[in-house]
Amino acid sequence: MITLDALARESGTFVMVAMDQRESLRTMFREHGRDSSDEQMERFKVAVARELAPYASGFLIDGAHLDAVAPLVAHGLIVAVDRLDQERGGPVEDTALDEDVVPPPGAVALKLLVIWRDDDRRADRLAMSRSFVELAARHALLSVLEPVVRDDASILEAARELGAVRPSLYKCQVPLRGRGDPAEITRRCREIDAALPVPWVVLSQGVDPADFPRAVEAACKGGASGTLAGRAVWTPAVGDEDPTPSLRDYSIPRLGELAAIVDAHGRPWSDR
């Protein structure tokens with residue numbers, strides 16, 4: 001039986017890299033005046049996996065680039081099984097569960113993004129989250145559920161509602177976008193921790209990369225067990241023709257910094 005040790009550091013905490021961005025990554029390339037073709041997307045994701053996967057406790061990739069990236073991830077492979085409703089250049093408006101993705105040998109977890117809103121589809125999203133956890137169980141894999149809300153006030157409400165489906169790991173936004181008083185971020189994270197029946201980590205969406213280490217520390221002091229982050233780790237490499245130097249000079253040290261933080265302040269997943 002797979003446990004969260006398959007995604008964790010020796011400390012029982014998590015420093016994982018997210019590389020499942022789709023149209024949002026394409027937009028980042030265009031903003032830097034770069035080619036945003038499917039081939040460029042794959043080249044970048046392969047480079048990130050090659051350089052960062054050895055230093056991460058887990059690595060998340062989407063189905064479209066799974067075949068190219070999976071051989072580069074020796075441990076902690078997480079496969080995204082979400083279909084995104086997203087206009088070119090725009091935010092993700094909604095998601096659906098893609099049950100056609102076939103996890104390769106070596107995968108240890110599936111991940112689903114859920115756009116949580118208090119609207120007439122709220123019950124449908126709860127049912128989808130439950131179906132996702134059941135899908136992962138049928139594959140004998142861990143489930144990583146990632147609810148994203150549009151306003152800070154909804155983070156706790158989403159945690160109360162969707163945490164109840166009991167994914168293996170809950171991926172949560174940082175309150176206040178990681179800005180402001182760290183003690184207030186920690187206080188809000190304690191509320192999230194009390195609401196969740198499962199271990200949880202924070203994502204970097206919405207947090208300035210410069211603020212992210214401090215945000216992770218504040219969240220871990222409030223009960224988080226680490227992070228599963230993308231932009232805060234590899235963004236400086238997006239504008240480079242060859243991303244390898246930036247990944248080595250910036251991203252690998254950033255992962256080391258985050259590892260020291262979660263080892264010092266994160267709650268080991270087995271303590272829940």
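1. Let's start with the lining of the largest pocket: strand 6 gives the largest share of it, 3 residues. Strands are DSSP runs of E with at least two residues, helices are runs of H or I with at least four, and both are numbered from the N terminus. A pocket is an open set of points on a 1 Å grid over the protein atoms alone, with protein on both sides within 12 Å along at least five of seven lines, and lining residues have an atom within 4 Å of a point.

2. Before you go on, note that this is a predicted model, where local features need pLDDT of at least 70, side-chain atom pairs count only at pLDDT 80 or more, and totals for chains, interfaces and linings use all residues. Residues are numbered from 1 along each chain as its sequence is written, and side-chain values use heavy atoms, with hydrogens and water left out.

3. How much space lies in the largest pocket? About 570 Å³, where a volume is the space filled by probe spheres set on the points, and grid points are joined across faces, edges and corners. Its lining has 27 residues, with S24, V92, L113, Q205 and R231 the closest to the centre. Elements giving two or more residues to this lining include helix 1 (23-31) and strand 10 (226-229).

4. Now look at the second largest pocket, with about 230 Å³ of space. Of its 14 lining residues, M1, I2, T3, L142 and S168 lie nearest the centre. This lining has 12 nonpolar residues, 2 polar and no charged.

5. A cavity is a set of grid points where a 1.4 Å probe fits but cannot get out. The count is 1 cavity of 30 Å³ or more. Among the residues lining the largest cavity are P147, Y170 and Q173, and the lining divides into 7 nonpolar, 1 polar and no charged.

6. Finally, find the largest nonpolar core, which has 75 residues; L25, F44, V48, F59, Y170, W200 and W234 touch the most other members. Helix 9 (residues 244-265) gives the most to this core, 7 residues. Such a core is a set of buried Ala, Val, Leu, Ile, Met, Phe, Trp, Tyr and Cys residues joined through side-chain atoms within 4.5 Å; buried means under 20% relative accessible area, exposed over 50%, and partly exposed in between, with a 1.4 Å probe and protein chains only.

Note on methods. Nonpolar A, V, L, I, M, F, W, Y, C, P; charged D, E, K, R; others polar.
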